[in-house]
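Colleague: Could you walk me through the terms used for this model?

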Protein chains: 2
Amino acid sequence: MSRNTTRQEIVAAADDLFYRQGFDHTSYAHIADAVGISRGNFYHHFKTKDEILAAVIEKRVADRVAMMERWEIAGATPEKRILSFIDILTVNGDKIMQYGCPVGTLTSELAKLNHAARGEANRLFGVFRSWLARQFAAAGCEETQADQLAMHLLMRSQGVATLLNASHDTQFAAREIELMREWVGAALAPIGDRARSGKAA
Amino acid sequence: MSRNTTRQEIVAAADDLFYRQGFDHTSYAHIADAVGISRGNFYHHFKTKDEILAAVIEKRVADRVAMMERWEIAGATPEKRILSFIDILTVNGDKIMQYGCPVGTLTSELAKLNHAARGEANRLFGVFRSWLARQFAAAGCEETQADQLAMHLLMRSQGVATLLNASHDTQFAAREIELMREWVGAALAPIGDRARSGKAA
DNA sequence: ACCGAATTAGGACGATCGACCTAATCTCGG
DNA sequence: CCGAGATTAGGTCGATCGTCCTAATTCGGT
């Protein structure tokens, strides 16, 4: 129990610091101080920095999978579930403005460091990609197109996050979020009837 | 002369290393080795790491301003000039896939480091934003809308760069680039006649 | 040819990095 | 209640960080 608690505290603190300061710029000392433990204790739980990174990525994946499961329950239709995804930009607007997207900035940093965990971090995009594609497919899209629409939406959310982080232009973000919502509606409009009848059947 | 040469070599090497490895992860030693000079010589030209960063940002801004001036000359119409911007994604596709967008990744990193040069780095976006807005305005768009269209295009290019860097999915990139080109055409279509007559007048 | 300034080389500094180790403390089943 | 294993604290290691310094070398003007 104590093991789990301390370990989870470390991962949570590392997750937060990696997000706010970046992985490379965050040291053992930073994390240990944030948790309030010694570096030796830290080393007992994670032998290398890469192990912490792996645990943090695992937690981020799990957190997002859990979030999408909540959307799956709360959203009555695929379209509403997709809009839940877009809502992240609104809900986390302030953090994104300060630190960027937790997914995009991590993968970018690991790409530059040419870090071994690159592939694992890209799984973060993968879970969003496949979940969104499943929603588009559930709305009646053919599978290949569903994946393309998922990627398009991911692309727009990444672009908005990057530019909001750089420009701090909240009006821009609000405008683009609205355009994104309209785009979802337009993308699903031609197949709306088919999707509804399929759902009713 | 010699001063300029060495200095320029340092800035060029730093620019390259900051792009490929990130600012924080690149040390004096890295840059000095790349140029083939001693750290002491290095320190003669730049007293602090922040000074190098400022010089690199200045160079990146100048490079991009020069690039846009070339587009201005080569592109007969505003639409063609805007398409030149989109072409960066194709021309630099391989580098973007490896290291991301030089503009977006730098601003993201500096945001996380909460670095003093944050604002300067954001000027990189600013030059693209104002140049693109000028093109849309020249094509007949009202000024406010021209800026919004510029930001929308910047957003899409950033999103594509981030996702291409993460996923290495070149088909996705090619598809989105084509969609971007179509979007430009559609955005300018309603005002095409007005823009042409204005140009002829 | 010569001198002052610009340039270059390379060593040294305190701090901090990731990593490792030992020893003290805590926890809990037998 | 005690001893083994889990947990924690804190010191230490070599490497590297950004920065600073001095001394050697090169260069340009007179």
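Modeller: H9(A) gives the largest share of the lining of the second largest cavity, four residues. Helices are DSSP runs (H or I, at least four residues), numbered from the N terminus. This is a predicted model, where local features need pLDDT of at least 70, side-chain atom pairs count only at pLDDT 80 or more, and totals for chains, interfaces and linings use all residues. Residues are numbered from 1 along each chain as its sequence is written, chains are lettered from A and ligands numbered from 1 in the order written, and side-chain values use heavy atoms, with hydrogens and water left out.

Colleague: Why is B:Asp169 with A:Arg129 called a salt bridge?

Modeller: The rule asks for a side-chain nitrogen of Lys or Arg within 4 Å of a carboxyl oxygen of Asp or Glu. Here the closest N and O atoms are 3.2 Å apart, so the pair qualifies. Across the interface of chain A and chain B the rule finds two salt bridges.

Colleague: How do you know that chain A and chain B are in contact?

Modeller: Contact means heavy atoms within 4.5 Å. By that test, 41 residues of chain A are in contact with 41 residues of chain B. H9(A) gives the largest share of chain A's side, 14 residues.

Key:
Helices (H or I, at least four residues) and strands (E, at least two) are DSSP runs, numbered from the N terminus.
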